[in-house]
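Open the structure in your viewer and keep the selection tool ready. The tour moves from one selection to the next.

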Amino acid sequence: MIKLLIVDDERTIRNGLARHIDWESLGVGMVESAESAQEALEICERIRPDIVLSDIRMRGMGGVEMCAELRKAYPECQIIFVSGYADKEYLKAAISLGAVDYIEKPVCPELLEEAVKKAIAACEEQQRMALADETIAKNRGLIGQIVLHALAYNDYPENFEKSMEISGLFPREFDM
């Protein structure tokens, strides 16, 4: 289930985004909202959102500072910025944080939906990669047996070099 957090200090924007986008049809199963960066950070500890949709300028801590903290704690979290300001410095900050998109207010629902779809695709790719890593870790012993069998019987499968790397049997590089 994809979890999304909306962070904006303007209640009308926050509520509008939460109510007027068909999150479920996009694949978002949980939508939470926060009126400040501090509240958002507390919610993030509790729900670990997959996507954060944040305003850039808010009272107190701004969206850029908040997302910089989020990036450290939850590097896999996808960030989408919304802003009433087309400021080059904000855009540069969004790029440096690896934001999926930067959407200007008033928010065009179609642009937001496209950004959310990109963020969901990134989340799904991260989940696939994590599952692949987990599968490899669970099967490392079996892969090691295949490598040792190939070495012992001079019978090298097509993906032998990759199997050797994954097996962890030979931690440093060598010439075949």
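Which side chain meets that of Arg-46 in a salt bridge? Select Glu-32: the pair sits at 4.0 Å, N to O. (A salt bridge is a side-chain nitrogen of Lys or Arg within 4 Å of a carboxyl oxygen of Asp or Glu.) Arg-46 lies in helix H3 (residues 37-47) and Glu-32 in strand S2 (residues 28-34), so the contact ties together parts 14 residues apart in sequence. Helices (H or I, at least four residues) and strands (E, at least two) are DSSP runs, numbered from the N terminus.

A note on the source: this is a predicted model, where local features need pLDDT of at least 70, side-chain atom pairs count only at pLDDT 80 or more, and totals for chains, interfaces and linings use all residues. Residues are numbered from 1 along each chain as its sequence is written, and side-chain values use heavy atoms, leaving out hydrogens and water.

Next, select Lys-105 and Asp-55. Their salt bridge has its closest N and O atoms 3.3 Å apart. Lys-105 is in the loop between strand S5 (101-104) and H6, while Asp-55 is in strand S3 (residues 51-55), 50 residues away. Both residues are buried (under 20% relative accessible area; exposed is over 50%, partly exposed in between; 1.4 Å probe, protein chains only).

Finish on helix H6, residues 109-138. Its buried residues include Leu-112, Val-116 and Cys-123. Now pick Lys-117 and Glu-114, whose side chains meet in a salt bridge at 3.6 Å, N to O. They are three residues apart, about one turn of the helix.

Technical notes. Expected span 1.5 Å × (residues − 1).
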